[in-house]
Amino acid sequence: MNIVYASNDKFARHLAVSLYSLLDRNQKIETLDVWVLSMGLSRESKDRLCGIAQEFDRELSVIELGNLKERFSHEVDTGGFDLSIMARLFLGDVLPEHVERVLYLDCDTVILSSLEKLWKADLGPFLLGAVMEPTIYPCIKEEIGLRPEEPYFNSGVLLIDLNRWREENVQKKLLDFYRSKGGKLFAGDQDTINGSLKGRIRPLSPRYNYFTNYRYFHYRHLVRLSPVYALITENGFREAGRHPAILHFMGDERPWKEGNLNHYRRAYDKYLAKTPWAGTPKEKGNRFYMAAYHLMNYGTYLCPPFRDFISRRFGMKLVNSRKGS
């Protein structure tokens, strides 16, 4: 099994949490190699991460990418999001040729069970597997050429056939698409993958990329937002919530922020305490906003149209205001 992360020092602590949970929950897998794409990780951070891998007798390799902007032939504007999100576009180039399949994980994930079944999933004719994100704003889909009835996928967990990726020169397709959009998209890497590879992505069970705020969404409401989400059965959606394999801390209610009330925060805190970053204080934030966000989640559960109203009225404003935070 080949696992890939991408990080700089800002996200090293979260990467450590995800890494520790990954190695802890997958100890029975015979071969598990970890690749970290670094954008300026400090020597101390690299040593700490390697120490976690050594604790489980696993191999961790760091590939330094340096300044990602130099890999683009045009100006890049990530709209305030960290440039490290774009690293996954270059997997085919930077990983060794013998790496034929990879599982890419965002740093803000926590693994709760073995990923062996996911790793062995048959991708068939598809280039990669990912989990659908039915709550994406319709205007985002329209911007990248997706029709309302077409699926949109989250890029936080990607199972990639790297052989086919290289054979079809996917990296060039991704970069050409991104350039055609002026090097500026709402979610640079994610929109690029969805826009340029539509029809080539196999839907995976939400168990393998469970967005923590989806705990408060009703299945029927998600299908109303994106009818193609019916490919995931209601039982499958409920099972994902009861037994998620990979938690993804999307949204503003992140467990490392002071005052957060995320239902799954203990999973993050549990593994943070086992890393060299144990004891790191929570990031200062707005406790009132955290409480309001949590109330919005409950409002979503009690009255789904309430969330729709908030999203239509304030969604993009909130997204733009938090970029870079």
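Q: Leaving aside its neighbours within four places in sequence, which residues is N2 in contact with?
A: In this predicted model, N2 is in contact with D33, W35, V99, R101, V102, L103 and W119. To make that list, a residue needs heavy atoms within 4.5 Å of N2. N2 itself lies in strand β1, which covers residues 2–7.

Q: Why does N2 count as buried?
A: The relative accessibility of N2 is 13%. Buried means under 20%, so N2 at 13% counts as buried.

Q: What makes the pairing of the side chain of N2 with the backbone oxygen of R101 a polar contact?
A: It comes down to distance and atom type. The backbone oxygen of R101 sits 3.2 Å from a polar atom in the N2 side chain. The cut-off for a pair of N or O atoms is 3.5 Å, with one able to donate a hydrogen and the other to accept it. R101 also turns up among the contacts of N2.

Q: Why is S155 called buried?
A: S155 has a relative accessibility of 5%. The limit for buried is under 20%, so S155 counts as buried. You'll find S155 in strand β7, residues 153–161.

Q: What joins the side chains of S155 and D189?
A: A polar contact of 2.7 Å joins them. The limit for such a contact is 3.5 Å, and 2.7 Å is within it. D189 is also on the contact list of S155, along with R88, Y104, D106, Q190 and I193, once neighbours within four places in sequence are left aside.

Q: How many residues apart along the chain are S155 and A130, and what separates their C-alpha atoms?
A: S155 and A130 are 25 residues apart along the chain, and 6.8 Å separates their C-alpha atoms.

Q: What makes the phi of D57 worth a look?
A: D57 has a positive phi, about 60°, and D57 is not a glycine. Most residues other than glycine have a negative phi. D57 is in the loop that runs between α2 (43–55) and β3 (59–64).

Q: Is D57 buried or exposed, and how do you know?
A: The relative accessibility of D57 is 70%. Exposed means over 50%, so D57 counts as exposed.

Q: Why is N169 called partly exposed?
A: N169 comes out at 40% relative accessibility. Buried is under 20%, exposed is over 50%, and partly exposed is in between, so N169 at 40% counts as partly exposed. N169 also has a positive phi, near 50°, without being a glycine. Its place is the loop between α6 (162–167) and α7 (170–180).

Q: How many cavities of 30 Å³ or more does a search of the whole structure find?
A: There are 2 of them. To be called a cavity, a space must fit a 1.4 Å probe that cannot get out. The largest cavity has a volume of about 40 Å³, and the second largest cavity has about 30 Å³.

Q: By class, what lines the largest cavity?
A: Its lining has 8 nonpolar residues, 1 polar and no charged ones. Tyr counts as nonpolar here, and the lining includes Y210, Y214 and Y229.

Q: By class, what lines the second largest cavity?
A: That lining has 2 nonpolar, 5 polar and 1 charged residues. Glu counts as charged, and E253 is one of the lining residues. T212, N213 and H263 are also among them.

Q: What is the volume of the second largest pocket?
A: The volume is about 250 Å³. Among its 14 lining residues, R215, F217, H218, F237 and R238 are the closest to its centre. The largest share of the lining, 5 residues, comes from α10. By class, the lining of this pocket has 7 nonpolar, 2 polar and 5 charged residues.

Key
Residues numbered from 1 in each chain as written. Predicted model: local features only at pLDDT ≥ 70, side-chain atom pairs only at ≥ 80, totals over all residues. Heavy atoms only, no water. Helix = DSSP H or I, 4+ residues; strand = E, 2+ residues; numbered from the N terminus. Buried < 20%, exposed > 50% of the residue type's maximum accessible area, 1.4 Å probe, protein only. 1 Å grid on protein atoms, 1.4 Å probe; cavity = no way out; pocket = protein on both sides within 12 Å on 5 of 7 lines; lining within 4 Å. Points joined across faces, edges and corners; volume = space filled by probe spheres on them.
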